Amino acid sequence: MKERTSVTNPLCQGLARYMAPEQLAILQQARIGIAGAGGLGSNAALMLTRSGVEHLTLVDDDVVDASNLNRQQYWPRHVGRCKVDALHEILLELNPRMMVDSRKMRITSASLPGLLPLCPIWVEALDNPEDKSLFVESALLAGHRVASASGMGGFGGAPMGRRRLGNLVLVGDFTTDILMAPPLAPRVTEAAALLADAVLEMLLGGPHMPETAL
């Protein structure tokens with residue numbers, strides 16, 4: 001965990017032009033967890049940071065591979081490095097005030113009880129369907145709010161949207177299996193943007209979203 005600094009950078013100055021002080025205060029004090037630092041998680045983390053969030057917990061046990069560079073927020077210089085460490089570095093470059101808790105660990109039923117209480121809101125950005133289900137179900141049962149994605153592979157295809165069920169917001173096209181369609185930057189980034197937007201709405205409020213049966 002990096003110690004907080006009083007540095008004012010261009011990002012903070014720019015945000016003050018678009019958001020009320022009370023909105024910025026909410027965003028700066030919020031604690032958001034991101035489970036998975038791949039295509040969804042790395043892009044969502046950058047978007048939340050650009051939007052004024054300053055406390056993030058990043059959880060992933062993987063390293064950056066060359067095959068990740070087509071859609072994830074990493075550069076060739078990061079290949080071989082732990083994803084959470086590389087992403088931590090990028091976030092601090094964007095906003096030196098960031099408080100980033102980077103955890104290189106696998107999410108399991110044994111690790112979740114100690115992990116979930118760190119943040120009241122979590123972005124589920126995992127790849128494995130079983131891991132996704134375990135995380136979402138555990139987080140909801142523990143009373144957390146969760147933004148999760150389903151369906152973002154290929155190109156073109158069904159329009160993306162979001163569904164809300166209580167504390168869960170699902171985004172994506174809800175049909176595309178990335179095992180059948182390649183994960184490409186445009187739709188992966190679109191889904192990540194919807195995840196980040198769902199978190200902002202949880203924090204700041206917004207247009208009413210009717211409950212949708214899944």
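Predicted model: local features only at pLDDT ≥ 70, side-chain atom pairs only at ≥ 80, totals over all residues.

Tutor: A word on records before we start: UniProt positions are given in the numbering used here, feature names are shortened, and annotations may be inferred rather than shown by experiment. In an unreviewed UniProt entry, residues 20–154 are annotated as "domain: THIF-type NAD/FAD binding fold".

Student: Where do the numbers come from?
Tutor: Residues are numbered from 1 along each chain as its sequence is written.

Student: What's the mean pLDDT of the protein?

Tutor: The mean is 90, and 92% of the residues reach 70 or more.

Student: How many aromatic pairs are there?
Tutor: One. Rings of Phe, Tyr and Trp (its six-membered ring) pair if their centres lie within 6.5 Å; planes under 30 degrees apart count as stacked, over 60 as edge-to-face and the rest as tilted. The W122 and F135 rings have centres 5.4 Å apart and planes at 70°, so they pair edge-to-face.

Student: Are W122 and F135 buried or exposed?
Tutor: Both are buried, meaning under 20% relative accessible area, with exposed over 50% and partly exposed in between (1.4 Å probe, protein chains only).

Student: And which ring does the charged end of R163 sit over?
Tutor: That of F174, 4.0 Å from its centre. The rule is NZ of Lys or CZ of Arg within 6 Å of the ring centre and within 35 degrees of the ring normal.

Methods: Heavy atoms only, no water. pLDDT = per-residue confidence, 0-100.
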